[in-house]
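The entries below follow the order in which I looked things up.

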Amino acid sequence: MQYDLLIKNGFLVDGSGLPGYHSDLGVAGGKIAAVGKVDGPAGEVIDAQGLVIAPGFIDVHTHYDAQLFWDPWATPSCWHGFTSVFMTNCGFGLAPCKPQDREYITRMLVKVEAMPLESLKAGVPWNWESYGEYLNALDRRLGVNVMALAPHSTIRYHVMGAEARKRSATAEGIPKVGPKDMAYMSRLSRESGRPVLWNLLAQTWESPNHWRQVLDWTEEAFHDGARVHPLALCERFDLTFTLRGAVFEDLPGWKAAISGSRAQKIANLSNPELRAAMQRDLDDPTPKVFSKRMQDVFVSAVRLDEHKSLVGKHMVEIGREQGKTPLEAMLDLAIAENLDTQFLIRGFQNGDEEAVRDLTTSPYVITGGSDGGAHVAFLCQVTYSSFLLSHWVREKKALTLEQAVRKLTFDPALLLGIPNRGLLKEGMAADLTIFDPDRVQAKEKEFVRDLPGGASRLIARADGYRYTVVNGQVLLRDGEPTGVCPGRVLRSYEQ
Ligand SMILES: [Zn+2]
């Protein structure tokens with residue numbers, strides 16, 4: 001047999017969760033043609049000695065709806081082993097859309113998903129009106145495979161016009177899932193006969209064991225014949241803030257001090273009585289959104305050179321060095337910099353490593369929630385696949401390599417109803433991620449200014465991914481695009 005691509009001597013982890021084994025893999029016509037001991041003429045031979053051959057990863061919650069027009073690879077997802085992205089989540093998309101509604105739909109995506117306005121204006125071709133025309137426009141040039149949901153907010157505006165605005169839902173705030181929500185989702189699953197996937201379940205210090213309660217409810221729902229899966233990231237979430245903004249609304253002393261003009265705030269934060277009230281907030285054991293753990297508050301950026309040495313240290317450490325309380329040290333620093341100092345709360349969500357381990361290893365939890373393509377100026381959670389492999393498999397051994405690969409491939413494929421992906425076996429689509437299990441990891445996050453219209457975004461590249469193959473063609477080699485665009489819109493009627 002003639003192969004387009006022949007991968008030799010790899011460690012094949014097929015997505016099923018069964019133990020991996022040394023194997024070759026032959027690709028022909030965009031599909032997996034042979035697994036096992038494979039020989040024969042081939043267009044390209046890849047030596048995968050020491051590398052894992054896995055199905056391409058599936059990113060289950062993204063917003064690449066606009067970005068794909070200027071970035072058909074869907075970076076950063078493709079850098080972290082993803083070959084398919086599931087998008088148009090949360091009800092927001094670019095079609096159907098009448099020409100006179102384009103401005104409104106653009107502003108909706110800017111407001112709700114924090115896509116940069118200048119990039120949407122410069123980068124979206126708007127050569128469609130119907131949803132089908134939109135998918136066809138996308139399908140002309142794709143690096144990765146794309147699955148898109150029906151966006152209910154966009155559809156409602158298309159049908160109702162300005163009327164839709166009067167009761168427009170907004171996605172602000174993160175409501176906590178309660179028993180009523182669980183009962184509703186269980187019913188939805190039972191009556192539709194389909195799985196329900198909701199997002200996001202995270203550990204917070206405000207109610208540190210709530211996630212466990214949700215998992216108990218989830219288990220009950222399964223016993224009652226429903227399939228309700230929470231989506232959860234497997235990484236700690238850090239929050240950056242300055243003392244100019246309002247992050248501590250539920251701490252009364254802090255709220256009172258951080259109010260008014262900048263000059264007023266500086267005056268308040270210098271006032272000994274208001275400082276004492278802020279300290280009382282920290283000493284009060286009632287759970288609040290901020291954990292009040294000053295050892296989790298780090299200096300992440302400073303304005304003045306003389307403070308450079310403080311970057312990367314936490315407030316308890318700085319307070320000790322300066323003979324002050326952590327709070328005094330924080331306020332003095334911020335005041336000296338006209339409140340421009342940037343602080344970071346490490347583990348604002350998912351700060352409890354043991355909780356994240358239990359969420360990540362729970363059979364009910366689907367790992368994902370990258371939100372790729374949205375909130376690009378300050379979020380980059382696409383790293384979760386690399387973190388799962390480097391941290392939870394290699395360092396902590398909380399999951400086997402086979403279990404982790406299954407979480408990134410077969411589990412989402414089965415749940416989302418993708419028939420011919422997520423497993424390595426003959427006849428399946430040849431979407432492959434070939435990586436070095438000893439080296440795979442996310443690199444440090446960095447800001448780059450590479451979006452249309454000159455906007456910046458937060459990204460993270462990765463180490464250890466050697467080849468990313470989409471529909472039988474090598475999309476990336478050592479993280480760099482080869483120039484091909486083998487991706488497709490996956491449609492439900494495809495087999
Ligand atoms: Zn979303």
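**Entry 1: Two loop residues with positive phi**

I looked up Asp478 and found it in the loop between strand S19 (473–477) and strand S20 (480–481). I note at the outset that the model is a predicted one. Asp478 has a positive phi of about 50°, although it is not a glycine. Is Asp478 buried or exposed? I counted 10 C-beta neighbours inside 10 Å, so Asp478 is classed as exposed.

I then turned to Leu339, which lies in the loop between H12 and strand S13 (342–349). Leu339 is not a glycine either, and its phi is positive, at about 70°. Here I found 20 C-beta neighbours inside 10 Å, and Leu339 therefore counts as buried. The threshold for that class is 20 or more.

**Entry 2: Cis peptide bonds**

I checked the omega angles and noted a cis peptide bond between Thr75 and Pro76, with omega about 0°. Pro76 sits in the loop between S6 and strand S7 (82–87). I noted another cis bond between Ala95 and Pro96, where omega is about 0°. Pro96 belongs to the loop between S7 and helix H1 (102–113).

**Entry 3: Nonpolar cores**

Which residues have the most contacts inside the largest nonpolar core? I listed Ile53, Val144, Val146, Leu388 and Ile434, in a core of 101 residues. Helix H14 (residues 384–395) contributes the most to this core, with six residues. I also recorded a second, separate core of 25 residues, which includes Val297, Met330, Ala334 and Leu339.

I went back to Val144 and left aside its neighbours within four places in sequence. The contacts of Val144 then include Trp73, Ala74 and Cys78, as well as Phe82, Thr83, Ser84 and Val85. Val470 and Gly487 are also in contact with Val144.

**Entry 4: H14 against H15**

I examined how H14 packs on helix H15 (residues 401–408) and found an angle of about 160°, with the axes 10 Å apart. The two helices are therefore roughly antiparallel to each other, since angles over 145 degrees are placed in that class. I recorded the crossing of H14 and H15 as right-handed.

On the H14 side, the residues that meet H15 are Ser385, Leu388, Leu389, Trp392 and Val393. On the H15 side, I noted Leu401, Ala404, Lys407 and Leu408. By type, the residues of this contact are seven nonpolar, one polar and one charged. An α-helix has 3.6 residues a turn, so residues three or four places apart point the same way.

I asked which residues of H15 are buried. They are Ala404, Val405, Arg406, Lys407 and Leu408. The elements that cover them include strand S5 (52–55), strand S6 (57–59) and strand S14 (366–367), together with H14 and helix H16 (410–416).

I also looked at Thr400, which is in the loop between H14 and H15. Thr400 has 14 C-beta neighbours inside 10 Å and so counts as partly exposed. Its C-alpha atom is separated by 41 Å from that of Gly132, 268 residues apart along the chain.

**Entry 5: H12 and its two helix partners**

I looked next at helix H11 (residues 315–322) and helix H12 (residues 326–336), whose axes come within 8 Å and cross at roughly 90°. H11 is therefore roughly perpendicular to H12. From H11, the contact takes in Met315, Val316, Ile318, Gly319 and Gln322. From H12, it takes in Pro326, Glu328, Ala329 and Met330. I sorted the residues of this contact into six nonpolar, two polar and one charged.

How do helix H9 (residues 262–270) and H12 cross, and at what angle? I found an angle of roughly 150°, with the axes coming within 10 Å. H9 is therefore roughly antiparallel to H12. The crossing of H9 and H12 is left-handed. In this contact, Ile266, Leu269 and Ser270 of H9 meet Leu331, Ala334 and Ile335 of H12.

Conventions: Residues are numbered from 1 along each chain as its sequence is written. This is a predicted model: local features need pLDDT of at least 70, side-chain atom pairs count only at pLDDT 80 or more; totals for chains, interfaces and linings use all residues. A nonpolar core is a set of buried Ala, Val, Leu, Ile, Met, Phe, Trp, Tyr and Cys residues joined through C-beta atoms within 7 Å. A residue is buried if 20 or more other C-beta atoms lie within 10 Å of its own, exposed if 12 or fewer, and partly exposed in between; C-beta atoms are placed from the backbone. Helices (H or I, at least four residues) and strands (E, at least two) are DSSP runs, numbered from the N terminus. Two residues are in contact if their C-beta atoms, placed from the backbone, lie within 7 Å. Axes are lines fitted to C-alpha atoms, for helices over the stretch in contact, and angles run from 0 to 180 degrees between N-to-C directions. Angles under 35 degrees count as roughly parallel, over 145 as roughly antiparallel, 65 to 115 as roughly perpendicular and the rest as oblique. A crossing is left-handed if the near helix is turned anticlockwise from the far one by less than a right angle, and right-handed if clockwise. Ala, Val, Leu, Ile, Met, Phe, Trp, Tyr, Cys and Pro count as nonpolar, Asp, Glu, Lys and Arg as charged, and the others, Gly among them, as polar.
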